Amino acid sequence: MNLGKSLEDYLETVLILQNKQGCVRSVDIACHMNFSKPSVCHAVKVLKEKGLLTMDAKGMLYLTATGRECAEKIYERHQFFTEQLVAAGVDEATAEQDACRIEHAISDTSFRKLKEKVGKGQ
């Protein structure tokens with residue numbers, strides 16, 4: 001599913017926050033990403049419409065199975081590229097920023113081939 005960089009970043013953030021603190025609210029996303037609450041609310045609405053997030057009566061957000069799959073794929077790429085860039089001698093902050101850009105641009109095929117090349121293939 002091609003969501004675009006922005007929505008992919010939101011999904012990745014929900015996954016990271018769920019893994020870190022269990023429950024996630026829109027305000028948590030806004031704080032983590034340093035975005036306004038209206039921007040987050042709009043993104044959450046779109047992700048809910050796409051069937052990637054659900055929200056309970058208390059405003060807690062949950063990834064659907066499809067949302068979790070997308071988020072994990074994005075996060076895997078982010079971790080992989082950060083690790084590879086740091087191993088190549090790039091400082092951590094730059095590696096994180098570059099990995100965030102690369103994770104959205106690379107095709108599934110190219111990513112799979114790179115993982116295989118560095119011995120991290122499945």
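A salt bridge is taken here as a side-chain nitrogen of Lys or Arg within 4 Å of a carboxyl oxygen of Asp or Glu. By that rule, the count between domain 1 and domain 2 is zero. The structure is a predicted model, in which local features need pLDDT of at least 70 and side-chain atom pairs count only at pLDDT 80 or more, while totals for chains, interfaces and linings use all residues. Residues are numbered from 1 along each chain as its sequence is written, and side-chain values use heavy atoms, without hydrogens and water.

Domain 1 covers 5-67 and domain 2 covers 71-114, with bounds from an automatic or database domain assignment. Their C-alpha centres are 22 Å apart. Nine residues of domain 1 and eight residues of domain 2 make the contact (heavy atoms within 4.5 Å). Between them the domains bury about 760 Å², 66% of it on carbon and sulfur atoms; buried area is the accessible area (1.4 Å probe) that two parts lose on being put together, summed over both. On the domain 1 side, Glu-8, Glu-12 and Leu-15 supply 60% of the area buried against domain 2, more than any other three residues. Helix α1 (residues 5-21) gives the most to this side, with seven residues.

Within helix α2 (residues 26-33), Ser-26, Asp-28, Ile-29, Ala-30 and Met-33 are buried, that is, under 20% relative accessible area (1.4 Å probe, protein chains only). Their cover includes α1, α3 (37-49), β1 (53-55) and β2 (61-63). Helices (H or I, at least four residues) and strands (E, at least two) are DSSP runs, numbered from the N terminus. After α2 comes Asn-34, with a positive phi near 60 degrees.

Conventions
Buried means under 20% relative accessible area, exposed over 50%, partly exposed in between (1.4 Å probe, protein chains only).
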